[in-house]
Amino acid sequence: MNSAARGFPERAAAALADPVLGAALDKLQGEFRRDRGAMLSRMPEFEALRDRAMTVRNYALADMDGLLEQFERNVIATGGTVHWCRDAEEARATVTRLCREADAKTAVKSKSMLSEEIALNDALVDAGIEPVETDLGEYILQLRRETPSHIVMPAIHLNAGQIGDAFRKSHSDRDSGRDLSNADALLAEARATLRRRFLDADVGITGANALIAETGSILLVTNEGNADLVHTLPKTHIAVVGIEKVLPTLSDAMAVVRVLARSATAQEITSYTTLVSGPARTDEADGPRAFHVVLVDNGRSKMLAGPYADALRCIRCGACQSLCPVYGAIGGHAYDAVYAGPIGAVLTPALGGLERAPHLPQASSFCGQCEDVCPVRVPLPALMRRLREDSFRRPDIAVAGRRLTRFWSWAARRPALYRPGLRLGLAMLRLLGAHRGAIRSLPFISGWTGARDFPVPEGGSFVEKWHASGREPKR
Amino acid sequence: MSARDDILAALRVGAANRRASASASTSDPVLPARATGAAIALRDRFVEMALFAGASVGSAVAAGIPAAISAYLSKERLGDRVVLAPEPALVSLPWRSAPRLEVRTGVPGPEDRVSVTAAIAGAAETGSLLVSSGSRTANAAHVLCETHIAVLPAGDIVGGYEAALSRLRGDGGAMPRAATFITGPSRTADIEKTPQIGVHGPKRLHILLVNE
């Protein structure tokens, strides 16, 4: 990706200057806020459902080792196979090998963030297997050679004109004079094109929204119904899943279902919520002959033992992205990470290392809406704050204002020096802003004042005001 | 060590502490009020929520189902041909009472436009049908055709998802290969967040409740 060559600040600046993206993000966030409000008024017990989902995810993470073993036993009992992969490379090699063993030329795929995380499509192409994304948004991105910019609305950054151009370029066997000016025409063409791909595919690849230990089932939710065609029509079904998705029981999976679509799109439930358990039985009317679950760690087991384990509760609804003011200003691609927005600002460094995403935890106003909206109450602001502390302590990571902060910290612990210094500083700031009522530039933080005015301080310091109020600090 | 051993060993680091601090696993669900109530209220709620999700709902006595299907198809101008899942409860219906219908029994193919299947349960909380694949019903019958007509005995409407799943597997019984809660037609909002119906699955979901 070209944007990887530049830094996050440059990508963010470019995104801010893109009017198509700005309009799309405004629509996304405005409508999500409105629709989620309507959903909450239909479901007065939503807070209790969130509590339940959080509890379920917590006890599942605490028991992950035993649950994965139980899941594996039950998959084998239904006639399926489980494969364990330590990292992305092992996962790519495993899926590629399974496709080769199935003599696959093409593989239809339903949407899977994990397959993005492990860059599965590139590996399939290198092995001579054509992957075909079937989620409409993902299909559009595949034609445009782009990555998703939102977890559940991957092509949110595009308009119909851009999608029409991609179809015209890729579907070259169709009449070049056809009308692709509206969403209905685009949808009809995508349905017809992808229907042929479904019927011809040798392998179906899905992710999973949950693994159910008690039955060896995988949970798949979609609105389009594409996952159901993917796991039904081809002769082999491969599910590629992060190990943290395991849950004890079907009832636990339903607790996740009750908050997932409500948080993702403000729907009551997705159109299709499917439990797949094994390959087709010997007398079954249709379905694949082989069922494989590829379990992928890729940093999760290490994360579970560390300070960012709470983020493993995430059920990938994208609500934190749909409300975040930073995501709303710059969109997903500026993050240059598989997971964008607040959850991405935590998952990307927690899974892959802080050095690979040093800016992301800084990309927050700490307004707290991400935590307020998270269906499993991941404390995203606290986790981002902790990542900032980690960055500050690591000399290999550039932190804006590190020296200034060190100086402030040194001075603030010396009140005899700090208080007169602060009085002097405030007086100077008042002098600087006396004419305009605001200060246009300041030394040491010219980057910050380059885009903002610094307000002129009014009155004295907090400590002075406290003493003036006559109250004494509590001991 | 194998990848399996490595991953499981890594997951056991600090596991005792995590288990001590997490609450105990319990399968007692937290149900919204909408998933509880008397049978008659659940039926009304099922219909209300199914309509809200974009399905259409009709009802008939068992002997009237073929005629109800025929009437629905002609009203919506969907032709007269259906592919029927060969479940005894469906095959035994009086299909000759709807002479215009052309009924083929079996697995739907790409040329079929209307499928008729039997649902296992209805979950009132979101107007969702629970369907499953099996030796008679192909899973493709639930997603391949432009129109899906699902026949559901009104007595099989329950409150929540858990109750519907209990109907499917009894008390801890085996799962079918595929079991799906279907809620309204196939939809997307991937093009400029515009709601659209009928992406890969059915454009129409018609639920026929069988009155006792």
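The crossing of helix 12 of chain A with helix 6 of chain B is right-handed (a crossing is right-handed if the near helix is turned clockwise from the far one by less than a right angle, left-handed if anticlockwise). Welcome to a predicted model, in which local features need pLDDT of at least 70 and side-chain atom pairs count only at pLDDT 80 or more, while totals for chains, interfaces and linings use all residues. Residues are numbered from 1 along each chain as its sequence is written, and chains are lettered from A and ligands numbered from 1 in the order in which they are written. Helices (DSSP runs of H or I, at least four residues) and strands (E, at least two) are numbered from the N terminus.

**Between the chains**
- Helix 12 (residues 250-264) of chain A and helix 6 (residues 161-169) of chain B pack at about 140°, with axes 10 Å apart.
- L250(A), S251(A), M254(A) and V257(A) meet Y161(B), E162(B) and L165(B) there (contact puts C-beta atoms, placed from the backbone, within 7 Å).
- The two helices are therefore oblique to each other (angles under 35 degrees count as roughly parallel, over 145 as roughly antiparallel, 65 to 115 as roughly perpendicular and the rest as oblique).
- S23(B), in the loop between helix 2 (15-21) and helix 3 (39-52) of chain B, is in contact with T55(A) and Y59(A), leaving aside neighbours within four places in sequence.
- S23(B) is exposed, with 10 other C-beta atoms within 10 Å (buried takes 20 or more, exposed 12 or fewer, partly exposed in between).

**Helix 5 of chain A**
- Helix 5 (residues 88-101) has 14 residues and spans 20 Å from first C-alpha to last, close to the 20 Å expected (1.5 Å times one less than the number of residues).
- A91(A), R92(A), T94(A), V95(A), L98(A) and C99(A) are its buried residues.
- Those residues fall within an arc of 165° seen down the axis, so they line one face of helix 5.
- Exposed R97(A) and E101(A) sit on the face turned away from the buried side of helix 5.
- Among the elements covering the buried residues of helix 5 are strand 1 (81-85) and helix 7 (120-126) of chain A.
- D103(A), which follows helix 5, has a positive phi, near 55°.

**Helix 10 of chain A**
- Helix 10 (residues 183-200) has 18 residues and reaches 26 Å, close to the 26 Å expected.
- Buried here are A183(A), L186(A), A190(A), L194(A) and F198(A).
- Their arc around the axis is only 90°, which puts them on the same side of helix 10.
- Exposed A192(A) and R196(A) belong to the face of helix 10 turned away from its buried side.
- Partners of the buried residues of helix 10 include helix 8 (136-144) of chain A and strand 11 (196-197) of chain B.

Methods. Arc of directions from axis to C-beta. Contact = placed C-beta atoms within 7 Å. Axes fitted to C-alpha atoms, helices over the stretch in contact; angles between N-to-C directions.
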